[in-house]
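How is the model built up, and what joins its parts?

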Amino acid sequence: MKALDIAQVTFSYNPKEGKIKTAGAEYALRDFSMSVDSGQMHALLGPNGAGKTTLMRLITGQLRGFQGSISIYGTRNDHAQSLSSVGYAPQPISVYAGLTAMENMRVFGVMAGLSRELLQERSRAVLEETGLLPYAQKRASTYSGGMLRRLNLAVALLHAPRLLLLDEPTVGVDPQSRNHIYETLKKMNASGIAIVLCTHIMDEAQRMCSKVTMLDRGAVIFSGAMNEIDHLETFFLAQTGHRLRDED
Amino acid sequence: MTFRKLTALIRKEMIILLRERQTIPLLFIMPMALIFFLSLALQGVYMDKLTGRQILLIIENESHQPTANLLEQRISANKMIQRVQRPPGFDNDKVFETSRAHAVIFIPKGFDEGLKPVEMEFDPVLDAGYKSAVRVLVTGLTVEVVMGIDDIEGMSADFIVEKTKTNRTLPGPLQNSVPGWSIFAMFFIAIPMSIGFLREKNDGTLQRIFTYPVSPAIVILGKLIPYYLINLMQFALMLIVGIYILPLIIAFPFTLGEHPWHVIPVTLVVAAASTGFGVMVAALARAPEQSSALAATGAVLMAVFGGIMVPHAVMPLIMKKLAMLSPMYWAHQAYLDIFSRDAGFGSIWPKLAVLTVFALVCFYIAGRKVKWM
């Protein structure tokens, strides 16, 4: 079964005259298609500004007004049920710094609709999984960068999603935390959770993922099995070029 | 489930807000300090305007005849006068230079016989109003003693009556400051409120909340309700301080008026206006620093124009008209209606209508800019 099915999605932040497909509009995504099978770990790669984060925000319903369709386990992503199936760890560490890890769990768990008992149980489980249980009563503002990244991931795992979207989950963390995050993801994937991993660390993507989709300037430039690629970084540069993308 | 989500968001907001070190001083201690120090500072001004300042007066009676003695006695007994003695070796110029007295009255020999008049000399810097008042007082008392009238004011009561209206009475310093600075503090909530909104927008937690099945209305209410409740707590606290503590320190009372329950609808509407202002600032600003500057400047300007910092009654006409642009003016006038003028609800509701419109405009502007949410 398809965990995620994206079909011909076009999106612009500044649609002309309210229409998406109009001459002169700048597209963040254009006719973008991608599918992720249940239980698959899928790499989503692209240079800065390629449209990866926009895609994540479209999938999670933060952005609306696109053309095409996005389905999560067969349900359109504008249904509450589909949002409950998704766990999203955004690139910025999006947790409440003024709250403890356990208080963060409570807020996001209630938003996800977990019952009181399940919330208690899942909070302990994911904090243990991410190595944060001993620090559960400490405020997130006192955490190191690696701990915050793990807390960011723990929030995404809290409601036991069937599809996990990870936007740069290991950026700025030490090797120990990165390794811990990888191990957690492997376990999640082994338990049947589909994962979309968005990263700039090519080794990480090649080692962890079985499929890859590359996008550039909002369009797919490659999609295929990871084992067809010898060296992902060389392949990526060949596809996207060596020019700096600072001004894109 | 919706209610549970709402209470979880309110709880989250309250915890974050109360854990921030600057929140309590900013929202509770600052306005109390402002009420205290500004009431104290304005005490003198109000004393002049409400009860009248006492004039330090040297009375020298050279005559010592019965009429002169009676005049000396009546002047000394007047509540407007505080009699002082001339320091040895001080002439009038030195008395005034050293502020030992504001005026000198000299009753010469021959006054009783009508040969010489009473002499008055004033400190050149004394307000013209006080000079005139002393002149009228001494003239009146002189007429009384010379013509043998016991109470000239009582005699003239049949011909001249002073009419006063409660709603035109100048409120005392606490009557003015307690509601005034409470309103200011309530509007100051725009600072932590807009900072909180923008911080959540910038760190992505606001967007993350929207990845869950929760309606935007619940998210917005979850952010507004805590600040609204804090606004109500602020006002209640200021009122308690105004009633029970400040009158012990400042020589003026604070009274709630004849209809104290009108405070409830007024405060509910003022809190809506101030939280509306906070949301609007959050929607217009791009960064927490910008929102904090915008909220602080906005609140101070509204206070300056609205008669909070300078009492509306003493403003020049142009400022009195400009004051109407400030929502704080309407809020303040509504509270003054209750506390100082014993006005009925008929006088209060138009002010509440203006504040409601202000709140709705703020929410509308924020709604138009709601993209960032």
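## Overall form of chain A

For the 248 residues of chain A, a compact globule would have a radius of gyration near 18 Å, and the chain agrees with this because its own value is 18 Å; the radius is taken over C-alpha atoms, and the globule rule is 2.2 Å times the number of residues to the power 0.38. Along its principal axes, the C-alpha trace of chain A spans about 55 × 40 × 35 Å.

The model is a predicted one, in which local features need pLDDT of at least 70 and side-chain atom pairs count only at pLDDT 80 or more, whereas totals for chains, interfaces and linings use all residues. Residues are numbered from 1 along each chain as its sequence is written, chains are lettered from A and ligands numbered from 1 in the order in which they are written, and side-chain values use heavy atoms, with hydrogens and water left out.

Chain A has eight helices and 10 strands, where helices (H or I, at least four residues) and strands (E, at least two) are DSSP runs numbered from the N terminus. Of its 248 residues, 54% count as buried, with buried meaning under 20% relative accessible area, exposed over 50% and partly exposed in between (1.4 Å probe, protein chains only). Among contacts in chain A (heavy atoms within 4.5 Å) between residues at least 6 apart in sequence, 68% join residues at least 24 apart.

## The interface of chains A and B

At the interface, 22 residues of chain B are in contact with 34 residues of chain A. The area buried between the two chains is about 2400 Å², and carbon and sulfur atoms give 60% of it; this is the accessible area (1.4 Å probe) that two parts lose on being put together, summed over both.

The count between chain B and chain A is one salt bridge, meaning a side-chain nitrogen of Lys or Arg within 4 Å of a carboxyl oxygen of Asp or Glu. A:Glu103 forms a salt bridge with B:Arg19, their closest N and O atoms being 2.8 Å apart. On the side of chain B that touches chain A, the elements giving two or more residues are α1 (2-19), α8 (190-203) and α9 (205-209) of chain B, and α1(B) gives the most, with nine residues.

## Salt bridges

Over all chains, the structure holds 16 salt bridges. Because A:Glu103 lies in helix α3 (residues 101-111) of chain A and B:Arg19 in helix α1 of chain B, that pair joins two chains; A:Glu103 is buried, at 13% relative accessible area, while B:Arg19 is partly exposed at 28%.

Within chain B, the side chains of B:Lys12 and B:Glu200 meet in a salt bridge of 3.0 Å, N to O. This pair links distant parts of the chain, B:Lys12 being in helix α1 and B:Glu200 in helix α8, 188 residues apart, and both residues are buried. B:Lys12, B:Glu13, B:Glu200 and B:Lys223 are linked in a network of salt bridges. Another pair, B:Arg341 and B:Asp337, has a salt bridge of 2.9 Å, N to O, and both of these residues are buried.

## Backbone exceptions

Most residues other than glycine have a negative phi. A:Gln8 is not a glycine but has a positive phi of about 50 degrees; its place is in strand β1 (residues 2-12) of chain A, and A:Gln8 is exposed, with a relative accessible area of 53%.

B:Ser99, also not a glycine, has a positive phi of about 55 degrees. B:Ser99 is found in the loop between α4 (92-97) and β3 (103-107) of chain B, where its relative accessibility of 52% counts as exposed.
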